[in-house]
Structure formats: structure tokens, C-alpha cells
Amino acid sequence: MEQLSTAAFFPGAFQSVGDGIPAQLLFIWDTVRAPIIAPLLRVLMVLCSGLSIMLFVERIYMGVVIIGVKLLRRTPEKRYKWEAIKEDTEIGSSVFPMVLVQIPMFNEKEVYQMSIRAVCGLSWPSDRIAIQVLDDSTIPSIKSLVELECQKWADKGINIKYEVRDNRSGYKAGALKEGMKRSYARKCEYVVIFDADFQPEPDFLHRSIPFLIHNPKLALIQARWIFVNSNECMMTRLQEMSLDYHFTVEQEVGSSTHAFFGFNGTAGVWRIAAIEEAGGWKDRTTVEDMDLAVRASLKGWKFLYLGDLQVKNELPSTFKAFRFQQHRWSCGPANLFRKVVMEIARNKKVTLWKKVYVIYSFFFVRKIMAHINNFLLFCVVLPATVLVPEVTIPKWGAVYIPTATTIINAAGTPRSFHLTIFWIMFENVMSLHRAKATLIGLLEGSRANEWVVTEKLGDILKAKTASKPTRTLGFRIGDRIHVTELGIGAYLFFCGCYNMLYGENNFYIFILVQSISFFIVGIGYVGTIVPSF
């Protein structure tokens, strides 16, 4: 059946170009569609299909590695030496290395107590550990509360130091770097970093430090995050699905194959000598953790991910906080890639395969193309093809490969597999912000170095849900209405309706559901409702 032109659906619209503005717009569209829009869409479709294949192959590769690791039982203890540290009766606690624990904070009123309490509860000889609370808070009342909490634990015999700076230069990287300059910090061999909402178990050091002691080429031990508020609302459940895949698959694959992965910025133990050899903390991007990891890896250092070493922390439960976090997590890696890609290519200390892995798999596919392709394909190109009958989209590129990729991703969180459809829709909405942030990072735009600390709510929501099953947090209208999402939603809704009325395929099912997702986010009805289940 031949595709009909736009004019066929609007009889008489083109009899006179002067019939009004709608008729003129339709005439212009019909004029430029075939010679200009259709070729452009074909090019974009080929590009998106190619990128989708790359992403799919990457997922298959990582899946094969994970299966191999499980079948061969290549546990960290089999790949690296590990022996428990035992106190010597003659030299006492001196057999334990000196460890520095850093807790960077910025106006963390809701979570500072539980993080300090958890770190002060770490099992390690008191004379072989120093705890640093690096407080960059700008609110005097919060600074006083944090200082009092530190003093309370110091009075109990804990070696805890409260450190402040005159300015926030370098943000988190600047605070960590400044903390390393203290005289007591220079006596330490290892440094452990916990963000203010992280709560390590008492045996954290006993399970991680021995790997560094017995394997001199290991620079970093990364623990897995688990989330105390994953059931708080739908948005936190969907975040858990994405992050579970990141830890159970991406981090494990990097650790098992090339002893490299991106440091997550917290819940990790570094060998201080490796930090110094790599050039220390730098604030040239908003992902100072990944920056340090790349530089240390280029010096020949190895990293180990411990999936069974888990640390509790909190997911952003408001859309505003989540959006700022995703901007930083997407913009930073793209900006770092721009700055280090040639340095990686020219490096002489690592193998060619590791260079290919870092440049292609780690950066190009996962940190750049994944974000851009998701938005371009599902929110721009696919909906546009229903308006341009000259362009056909292959089902393997629009349905089969994306579906297979999604199932592989969702398998990382079996308990939430039934939420896969919601996860797809929400990820496509967030691809708008991630794609924009990625381009800002690549082009080093004005927001490339924007740093907004992720808001933590701690026990606030628990207290509120205890009094009432369902509560809505207070928001200003500017925080609730998101014009860009509403605009994309309107575009998708128009394309979906057009396809339902005049199209020859059933893409409208996906497009209309996706438009509803954009509308829901656009009116701020996500991350603000805390259900009782």
C-alpha cells in the first residue's frame, strides 16, 4: 500500500497557499519533507541503528564475562592474595597499618550523625586509625552541629578530627586534597573515603585492607553500594535497577578483565602512594574520582571490586536532586574523556587492549554514546519517522535489539523485573538530561563544571511516612513544572496520535506511553510522592 502524502489527509489544504497559517505550514512541510527531512532521518536512523548494535554487543560481551566469572568461580580471593590481619603479641597493634578515613561534608544536616557514628564504629585499633570530617558547610548552625558530634566521639576516645577550610576551592577534590596535607594524615598508608550518607559495617577495614597489604600493585578496593531507601518511591526503585547493573556487571567486568573501573567516589580504599604517584586529587572536572582512577591506571596500578563488601547509602528521592546528580554523572565523564583521550592513547605503561577497553568500552560506548543514542533514537528519530512515510525503520533496530538490551540490563535487579516497562520509560525521560549533559561536557559548555551536592533526606522521610502513609513533599511551582519535558511530551503525543490515525505500524503504543512519561515528569509528579508500600 502506497504511503500517502500529507495533502491527502488534509484535502483542499494546498489549493491555495493563502488559505491561512496552518495551510502555509502544511505546504512548507510537504515541500521540505521528501528532499530534506527524509534524507536527514535516514542518516540519523543508520547512525542510531549502528550505535544500538554497539551497545548490544557491549552488553553481550559483559554478560559473557560475568557468566565466565561465575562458572570459573574467579573470586577476588582466587585472583589476589588475602590473609586476615592478626594482632601480634609482641608488637601489639603495630602490625596493623595506619589508615585515614575521610568524610567530606557540605551542609549535611540530615545525615551527618549516622555517617560519623558508622565510621567511628569501624573495627580497627584506635591508635592505627585517624578519622577526618572535612566540613565545607556554609551554614554556621550546621557546622556547629557537626563539630559537636565530632567532639562527642573524641571524648569517647576516638581519634576523630574536625577540619574546615576558608573556601570551597575544588569542591570535594579540594577538600580531600587539603585533608591529605595534615601531619597525621602523612603517617597513613591507606585512605578510606565515605560520603556523608554512607554507613560502613564494622568489619569494612578488616575485609578490604588485607588485599592492599598482600598485593603491592593494587591501588584501589571498591565496595558495592546498597540502598536504604530503595523502596521509598517508584523513582528510587528505578534508580536501584540502573545502579545494580552498574555494580554487578560493569564494575565486576572491569575488575575481572583489566583491573580497571571508575572509582565511585566513596566506599573505597586507596593506597596513598598510588594517589601521590598519579598526581593527587584534581578538580579539572566534576568527576574527580574517575579522573584519579584513570591517571592511576595509566601508571600501571590495578583496581579490585568487591561485590560482597556492601555499604549502605541513600538514593536521591526528589527529582530535582536526582536530575542534578545525573547532570554531574553524565557531564563529568564526557568532559574528562575530552581531556584524557590522547593521554591514554599515548601511554606506554598499559597494554593496547586496556587502552581500547578504556577509550572504547568505558568512555565512548557507556559514558557518551549510550546517553546520546537513547534520547536520539527513542525520543526524536523513531517518533519523527511516523511523520515521514518515505523513511522506514527496521524492526530489529527499533524493537528487537533495544528489547534484548533492556532485558539484559533489568536482569541485574531480579526483584524489580516487573517494573521493567516503567524503568524503560523513565530512563528515556532521563536520557534528555543525560544527552544534554554529555554534549555540554564534550563541548566544555558553561555548565561543564557545575557542582551541586546531591540532597540527602536521611530520616526525614521515615518520620513523615510513620505519621502518614503517603506524603507529598513541599515544592515551589518552579520546581514542579519542567517545560522541556512537557515540550518533548507534546511532540511525542502528536507523533503517537498521527501514527495511530494514519500509520501502518503500531509504534504509537510505545510513543504515546512514552509521552505520558514525559508529561508525568513535566508536572513534577515523580520523586515527590512517598508510598506506604
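The following questions and answers examine a predicted model, in which local features need pLDDT of at least 70, side-chain atom pairs count only at pLDDT 80 or more, and totals for chains, interfaces and linings use all residues. Residues are numbered from 1 along each chain as its sequence is written, and side-chain values use heavy atoms, with hydrogens and water left out.

User: In what order do the 7 strands of the open sheet stand?

Analyst: Helices (H or I, at least four residues) and strands (E, at least two) are DSSP runs, numbered from the N terminus. Two strands pair if DSSP finds at least two bridges between them. The pairing in this open sheet is mixed, and its 7 strands follow the order 3-2-1-4-6-5-7.

User: What is the average twist from one strand to the next?

Analyst: Axes are lines fitted to C-alpha atoms, for helices over the stretch in contact, and angles run from 0 to 180 degrees between N-to-C directions. From one strand to the next, the twist averages 20 degrees.

User: Which residue of strand 6 is the bridge partner of Val 191?

Analyst: Strands of a sheet pair through backbone hydrogen bonds, either parallel or antiparallel. Strand 4 (residues 190-193) and strand 6 (residues 268-271) run antiparallel and are joined by 4 bridges. Tyr 190 stands opposite Arg 271 in strand 6. For Val 191, the bridge partner is Trp 270.

User: Which residue of strand 6 is the bridge partner of Leu 220?

Analyst: Strand 5 and strand 6 pair in the antiparallel sense, over 3 bridges. The bridge partner of Leu 220 in strand 6 is Trp 270.

User: Which residues point the other way from Gly 268 and Trp 270 in strand 6?

Analyst: In a regular strand the side chains alternate between the two faces of the sheet. Here all four residues are buried, a term that means under 20% relative accessible area, with exposed over 50% and partly exposed in between (1.4 Å probe, protein chains only). Gly 268 and Trp 270 point one way, while the other way point Val 269 and Arg 271.

User: At about what angle does helix 8 run to strand 5?

Analyst: Helix 8 (residues 234-257) lies across strand 5 (218-227) and strand 7. The angle between helix 8 and strand 5 is about 160 degrees.

User: Which helix is included in what covers the buried residues of helix 6?

Analyst: In helix 6 (residues 171-179), the buried residues are Lys 172, Ala 173, Gly 174, Ala 175, Leu 176 and Gly 179. Their cover includes strand 1 (99-105), strand 2 (129-135) and strand 4, together with helix 10 (288-298).

User: Which helix gives the largest share of the lining of the largest cavity?

Analyst: On a 1 Å grid over the protein atoms alone, a cavity is a set of points where a 1.4 Å probe fits but cannot get out; lining residues have an atom within 4 Å of a point. A search of the whole structure finds 3 cavities of 30 Å³ or more, and the largest holds about 50 Å³ of space. Strand 2, strand 3 and helix 6 each supply at least two residues of its lining. The largest share, 3 residues, comes from helix 6.

User: What span does helix 18 reach from its first C-alpha to its last?

Analyst: Helix 18 (residues 507-522) has 16 residues. The expected span of a helix is 1.5 Å times one less than its number of residues, and the value expected here is 22 Å. The span reached is close to that, at 22 Å.

User: Is Leu 382 buried or exposed?

Analyst: Leu 382 lies in helix 12 (residues 352-385). Leaving aside neighbours within four places in sequence, Leu 382 is in contact (heavy atoms within 4.5 Å) with residues including Phe 507, Phe 510 and Ile 511. With 2% relative accessibility, Leu 382 counts as buried.

Notes
1 Å grid on protein atoms, 1.4 Å probe; cavity = no way out; pocket = protein on both sides within 12 Å on 5 of 7 lines; lining within 4 Å. Points joined across faces, edges and corners; volume = space filled by probe spheres on them.
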